[in-house]
Amino acid sequence: MPVVVVIVLIAAVFAGAAAIWWRSHAKFVESRKEHWFKAFAAERGGTFDSGVPSDTRAVPSFGVGHPSGRPLAGSTTTWIEFRHGDRPVIAIDAQEPYRHFDDHTYFRDIHVTQVRVPPSPELRITAGTVSMPTDPRLEGELSRWLAATPRFARRDVVVEHGSARTWGPGCATRQNIVAEAGYLADLADSLPAALWSVSGGAS
């Protein structure tokens, strides 16, 4: 008899834990569907994707979803595509894994903003310096350009695959995606024309 009682108690504990998990998961899914991106998309005539697999999935018209260059399509990130001036913009809310000192994997919030630009070789602005892994011939010219326009050395930026993107810690806000979209659009308008005339590194 005591064994039966113990089994019943264990089953009850597991059932309770499962119910709590299900409620929290359902709330999480609902919050993704009601992300403020949804209202922002309606205001801007844009496209919203909740990242919830059960939803009808939208497809972005350009770009990647993460600074590493992982594709956005098929991921579980929450994103919006809209226009800023005459440029299409994608803003993404996501999480990236990291290892803690206790050797466990945790997740932290990250947001990515990217604007559509012409095809070009890969260009990286990191810590105030320019690098072009696929086409170093232009590095000298772009380094001189960056020295002459130091305001574009303030953020890490990657230009590739028809998009210029920047990112930062924490979730996206209306203020930071609009400011970052404006920054990237200004950067794209200011970059030397030689960058856009070489498309060998684009895909």
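Predicted model: local features only at pLDDT ≥ 70, side-chain atom pairs only at ≥ 80, totals over all residues.
I take buried to mean under 20% relative accessible area, exposed over 50%, and partly exposed in between, with a 1.4 Å probe and protein chains only. Residues are numbered from 1 along each chain as its sequence is written, and side-chain values use heavy atoms, with hydrogens and water left out.

**Entry: overall chain**

I counted five helices and eight strands in the protein chain; helices (H or I, at least four residues) and strands (E, at least two) are DSSP runs, numbered from the N terminus. Along the sequence I read the pattern α-α-β-β-β-β-β-β-α-β-β-α-α. Of the 203 residues in the protein chain, 38% are buried. I then looked at contacts (heavy atoms within 4.5 Å). Among those between residues at least 6 apart in sequence, 61% join residues at least 24 apart.

**Entry: helix α4**

I looked up the length of α4: 17 residues, with 24 Å from the first C-alpha to the last. That is close to the expected 24 Å at 1.5 Å a residue, the expected span being 1.5 Å times one less than the number of residues. The buried residues of α4 include Asn-176, Ile-177, Glu-180, Tyr-183, Leu-184 and Leu-187.

**Entry: α2 against α4**

I found α2 (residues 36-44) packed on α4 (residues 174-190) at about 50 degrees, with the axes 12 Å apart. Axes are lines fitted to C-alpha atoms, for helices over the stretch in contact, and angles run from 0 to 180 degrees between N-to-C directions. The pair α2 and α4 is therefore oblique; angles under 35 degrees count as roughly parallel, over 145 as roughly antiparallel, 65 to 115 as roughly perpendicular and the rest as oblique. On the α2 side I noted Trp-36, Phe-37, Ala-39, Phe-40, Glu-43 and Arg-44, and on the α4 side Arg-174, Ile-177 and Val-178.

**Entry: Asp-135**

I located Asp-135 in the loop between β6 (129-131) and α3 (139-148). Asp-135 counts as buried because its relative accessibility is 5%. Leaving aside neighbours within four places in sequence, I find Asp-135 in contact with Pro-121 and Val-198.

**Entry: Thr-105**

I located Thr-105 in strand β4 (residues 105-116). Its relative accessibility is 41%, so Thr-105 counts as partly exposed. Beyond neighbours within four places in sequence, Thr-105 is in contact with Pro-97, Tyr-98 and Arg-99.
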